[in-house]
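Dear colleague,

My notes on it follow.

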Amino acid sequence: MVELTDKVAIVTGGSRGIGSAISSELARNGVKVVVNYQSNSESAEKVVHAIKESGGQAIAVKADVSKSDDVLNLINETINQFGKIDILVNNAGITKDRTFRKLSQDDWNQVINVNLNSVYNTISSALPHLMESEAGRIINISSIIGQTGGFGQTNYSAAKAGLIGYTKSLALELARKRVTVNAVCPGFIETEMVQEMPDKVREQIIASVPVQRLGQAIEVARSVLFLCKDGEYITGQQLNINGGLYM
Ligand code: NAP
């Protein structure tokens with residue numbers, strides 16, 4: 001088991017939804033957390049404030065993960081404040097759902113840039129630091145949609161499936177460097193991303209989930225904590241947090 005006290009984590013998109021739960025759960029276990037966000041500074045500061053109130057350490061850093069200069073600044077800020085990086089959680093993500101015939105080039109590019117191209121930016125800048133860690137961890141938040149496909153989600157499923165392939169290849173390359181690389185694949189989790197769906201679609205989803213409910217962000221956060229703490233011999237895997245929806 002890895003002792004997490006004083007480890008340093010970057011959580012991209014750590015200000016809302018699943019990312020906010022991951023930030024809080026890691027901080028609760030002694031990790032110093034960099035809460036990244038793109039535009040909503042109020043949400044990010046709220047997460048940081050709550051962590052500090054509970055005796056943890058955290059900072060908020062604004063950066064658009066699809067922009068390499070922003071990401072370089074995110075990494076530099078982390079090093080300036082906390083001196084190292086042990087854990088990188090690539091969580092930031094967006095959807096632009098449309099059937100392919102209605103999908104614009106811009107809808108395609110934005111989703112691929114934020115969900116997939118961003119991990120080139122984060123990992124290429126953070127990797128030298130992660131390789132200095134005794135127990136480096138890269139956790140890519142993919143999705144059940146990258147495994148099953150989703151109606152109106154060609155852009156999103158391509159990005160999330162891409163993350164799974166990327167996870168396996170990078171895991172092979174970094175296995176000897178004591179850096180594990182895993183994907184966490186949530187099913188349908190109760191965050192703003194899912195709350196935006198029409199009620200009828202949500203009801204259909206719930207009915208189709210074997211455990212008959214949506215997942216909670218904390219349930220995904222606990223799987224990330226598990227990989228950080230107990231995941232020394234787990235690499236290149238997809239950890240499914242989906243209530244049995246895809247097996
Ligand atoms: P969410 O509630 O919409 O939160 C998205 C987070 O990502 C926010 O903190 C947002 O920051 C940040 N973000 C968006 N674009 C960014 C960018 N370009 N650069 C940096 N940060 C950016 O989303 P969520 O539902 O928690 O989803 C989190 C991750 O889990 C995503 O990768 C998503 O694809 C994946 N996932 C979600 C579900 C689900 O059911 N919710 C299921 C499977 C997978 P701002 O507020 O500042 O924009």
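How much of the chain over residues 7-191 is helix and how much is strand? Over that stretch the chain is 49% helix and 18% strand, with the end C-alpha atoms 27 Å apart. UniProt, in an unreviewed entry, places the feature "domain: Ketoreductase" at residues 7-191; such annotations may be inferred rather than shown by experiment.

This is a predicted model, in which local features need pLDDT of at least 70 and side-chain atom pairs count only at pLDDT 80 or more, while totals for chains, interfaces and linings use all residues. Residues are numbered from 1 along each chain as its sequence is written, and side-chain values use heavy atoms, leaving out hydrogens and water. Helices (H or I, at least four residues) and strands (E, at least two) are DSSP runs, numbered from the N terminus.

Gly30, with a positive phi near 95°, follows α1.

Helix α6 (residues 154-174) comprises 21 residues. Its buried residues, including Tyr156, Leu163 and Leu170, pack against α4 (105-130) and β6 (179-186), among other elements.

The axes of α4 and α6 (lines fitted to C-alpha atoms over the stretch in contact, that is, with heavy atoms within 4.5 Å) come within 8 Å and cross at roughly 20°. That makes α4 roughly parallel (under 35 degrees) to α6.

Yours sincerely

Conventions. Expected span 1.5 Å × (residues − 1). Buried < 20%, exposed > 50% of the residue type's maximum accessible area, 1.4 Å probe, protein only. Axes fitted to C-alpha atoms, helices over the stretch in contact; angles between N-to-C directions. Parallel < 35°, antiparallel > 145°, perpendicular 65-115°, else oblique.
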